[in-house]
Amino acid sequence: MAWALVHVLSRVLGFGAPDAIFDMSVGYDLAGIRHQRIRRFMDTLADASEPLREIRATLRRDFPGLADVDLPPAIVNSVTLSTMHGCRPDEIERIARYCLEERGLHTVVKLNPTLLGPEAVRAILRDDLGFREIEVTDETFAHDLQYGRAVELIASLKQVAAARGLTFGVKLSNTLAVRNHAGRLPGGDMYLSGRALYPVTMRLYDRLLHEFGEDLHVSFSAGADAVNVADILACGALPVTGCTDLLKPGGVARMGQWIEEAVTAMQARGTRTLAEFSRDRLSSVRVAADAAARHPRYLKSAFPHGLPKVASPLGLWDCVVAPCVEACAVEQDVPEYAWHIAQGDCDSALETILARNPLPGVTGYVCTRLCQTRCTRNDYEESVAIRALKRYVEEHGRADGLTVPRAPVGRKIAVVGSGPSGLSAAASLALSGVAVTIFEARDVAGGMLRVVPPFRLPSSIIDRDIARIVGLGVEIRLNEAIDGPPEDLLRQGFDAVYLATGFQRDAPLRVPGAEGPGVIPALDLLDRSRRGERVDVGRRVVVVGGGDTAMDAVRTAHRFAGRPVTLLYRRTRREMPAAPEELDGAIEEGNLLEELVSPVEILRADGRVTGVRCVRNTLGEPGPDGRRSPLPVAGTEFVVPADTVIVAVGQLPQLAFLDGSGVSRHRGGGVVVDDVTRCAGPEGVFAGGDVVIEPGSIISACADGRAAAQSICQHLGVGFVERPWRRPELSEADILALKKTRARRVEPSRPATLPLDRRADFSLVEATLSAEAAREEAWRCVQCTTVCDKCVEVCPNRANYTFTIRPVRWRLPVLDVADDRIAVVGYEEFVVSQPRQIVHVDDFCNECDDCQTFCVHRGRPYADKPRLFLDAAAFSAETDNAFRIEGRIVRRRARGDELRLENSGRTRIVEGGGLRVVLDDEWNVLEAAGASFEGPRSLRPAAEMAILYEGITGSLSFLLIE
């Protein structure tokens, strides 16, 4: 059938005669291959005249215009032998000889990467690429074909083939058996494929081609994709296949980029045919093998974030969700503002951002970017540069209409602290009509924002965000410390108080010699440098710590010292709490990291710091926080010379003003609040941000401030006002364009950075994206809040389908027996809000689990989505989540029972479980009858059947053809 369809579609689409090759694959046991059924299978592929005769008759009867399509009876003349792991060399040769000598087939044998030997394979995977969790056992190598025997086998079979005018070749590669470290599949072994296999296989290709010369026929399948396909073709491999790549989001449409990249590479070399393109195979394969071993994209670290998942389970309906939004503390509407940028509408993009985030400028520069760890683009090549897009929008968009707060409601609030949490709460409260006064002890607003170095965050950006909040009517009183309990502010007439004081001082380093000159708290260093003071740190600087503050201190001290700084951290780099980009920035500028090191004494001479005595650590068992505890190793003490030691080992709150207050505090010094109300003890006193959750991110502090504002509004009986914004609506043409984008690897637009040799001062390191780069980057967003379809695209059997509906909000009657008759005893709301839904056709599924791998939810689409059955017997054998459509009737099996819904004109008839109900199209009960039943009866299952019926008959009616 597939052979006939290729030829028929070629005619229909105007392609002319198809240039298609069908290949055969048979087992790895000669006795099995010689079995009558397999011989019959091979005979049919050699001459399919009989089955094609029936297809020709169908064409003549039903499609007479296609009756003359040529359907050649010879479908295949080649075979690829999957030797699998452990197939004996002699058996491989016997099978190949049978195919060549008795069947007259061009023959290709798959070879395993184990031919390289254990040392080479393990070195590439573990040492070169960093896949240290991958274990290839000795048994795997022992059971597989060895390199010397493979050379003999290839040479022998090449001669057999040549004598018969046939081709013998090898396919690189079969999968690689490794220890089942993931545990997601049963058994002790699993099979490696895809990206990690490419460098291993390309090294084997290099070795074999240099062994046999350029006349060795090689086909290739090991991590092939659009990026490397031209390199593979330049090595002379034919054909090139890429199952792993095509089983990712975008599906078979990804193949389009393969062709584009290959054609572009051929044109760049001035070649017209693949033979010309691969005329220097030996040189090309050596270059490709060497490049694969070094290229960052094949490293384990190239995809550090894993698959983008959300915490929610997968339900029958409304599964379209953006993982990046869930990862963001304020649930920033990322796809929406990316869409506005792509359309060139920065004003709407800024409105969208401000709806949930009052500090777009600050977070556009220094947000921790957790959203990017869950970006769907991580399935492709690299996440969208979401933070850089926010920064671009803040600098180019206007949102004047959003600075108009609600009319005053006659309530006033005191906010203690002008950091991110206090500013966020103030903005939300002001928008809700509440008068807000912020009390700030320092001479400048911004809290801990003001210690972020200007090479990362300019003061003008902080000022602009704060000015936008002040424009809402918020009053900020500088140099006005609160020195008494917050209850005093309530007595002064404020209706509520929000404590947002953060953790403002450094934790001390508790080792001998830490007291005195030459030991500087990190926050003190950063504050002084932000104010323009040039701090004398000498030439040799040591920073102790591992968080973001430590990284800022390292880079700041480097600029003062004019030479690299040494960073001491008691655990390994992997356990560092600092954001990876901040650590990378510090190391990139030449600073030194000493891992597994703890200071034990600050050495001094005449009162001046001369060095830090340290001890080497090893990591012990995990502590209560899950992190392994550093344990000193006896006899490993050493000294790091130093003129200055900067301490960044943690931060503490300054909450002396709470003495005598009823505010609750925990042992760490921070404030304890109610998880729901955020009340801090006394009625009317609330708290949030770092003073509650301990030092965290700017965006998490913003989220806490916003949530606190909601609680305060509820406490005051004031309606909480959300900022308005315009949600984009994508047309079908837009969605089609998106799907083309989703099927492509698109390299990100990276902001320009200041060259390393120009980072001696505090000039901004990272530039803002240009307008063109921002729009290009925004187009990389695949709009996960509008369309998902991942389970559809990755399914190799086409068992999952998208259908469209009109969103509904139905008021469904609840039925029960009252006074010996069935009556409506209440109503429940039924909502399906998304126009795109998924149905699973169970008849086509083999439960390969690929849809589960890429589904963003914690679920299995093949089990959790509505399961439609085309086969009536298979439907009847099911007990749960089974649907079948027969004309106007929808049948559903759930918990062993069957329910039927008949869609008859403007009425619906529901039958099942002893109940028969006739309803109009608005779900009003026209009549109800049936046997007695216990408890109220919901019509939700019937409503779900109605949704499925509408979607299938309207969007996927071809599934109903029997």
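Which residue in β10 is the bridge partner of Phe 439? Keep that one in mind while reading the notes below, and remember that this is a predicted model.

1. Start with the sheet. Five strands make an open, parallel sheet, and the order across it is β10-β9-β8-β11-β23. At the edges sit β10 (475–477) and β23 (685–687), each pairing on one side only. From one strand to the next, the twist averages 20°.

2. Now back to the opening question. Strand β9 (residues 435–439) runs parallel to β10, and 3 bridges join the two. Arg 477 is the residue in β10 that partners Phe 439. As a reminder, strands of a sheet pair through backbone hydrogen bonds.

3. Have a look at helix α21 (residues 420–431) too. It lies across β8 (412–416), β9, β10 and β11 (496–499), and its direction is at about 165° to β9.

4. Leu 5 belongs to helix α1 (residues 2–12) and counts as partly exposed because its relative accessibility is 43%.

5. The salt bridges come to 82. A local example is Glu 50 with Arg 53, whose closest N and O atoms are 2.4 Å apart. Both are in helix α4 (residues 49–62), and because they are 3 residues apart there, about one helical turn separates them. Glu 50 is exposed, at 56% relative accessible area, while Arg 53 is partly exposed at 45%.

6. Other pairs reach across the sequence. Lys 158 and Asp 215 form a salt bridge with closest N and O atoms 3.6 Å apart. Lys 158 is in helix α8 (residues 147–163) and Asp 215 is in the loop between α9 (197–212) and β7 (217–220), so this pair ties together parts 57 residues apart in sequence. Asp 215 is exposed, with a relative accessible area of 56%.

7. Glu 588 and Arg 759 form another salt bridge, with closest N and O atoms 3.2 Å apart. Glu 588 sits in helix α26 (residues 580–588) and Arg 759 in the loop between α29 (732–742) and α30 (771–779), so the parts tied together are 171 residues apart in sequence. Glu 588 is partly exposed at 45%, whereas Arg 759 is buried because its relative accessible area is 8%, and buried means under 20%.

Methods
Residues are numbered from 1 along each chain as its sequence is written. This is a predicted model: local features need pLDDT of at least 70, side-chain atom pairs count only at pLDDT 80 or more; totals for chains, interfaces and linings use all residues. Side-chain values use heavy atoms; hydrogens and water are left out. Two strands pair if DSSP finds at least two bridges between them. Helices (H or I, at least four residues) and strands (E, at least two) are DSSP runs, numbered from the N terminus. Axes are lines fitted to C-alpha atoms, for helices over the stretch in contact, and angles run from 0 to 180 degrees between N-to-C directions. Contact means heavy atoms within 4.5 Å. Buried means under 20% relative accessible area, exposed over 50%, partly exposed in between (1.4 Å probe, protein chains only). A salt bridge is a side-chain nitrogen of Lys or Arg within 4 Å of a carboxyl oxygen of Asp or Glu.
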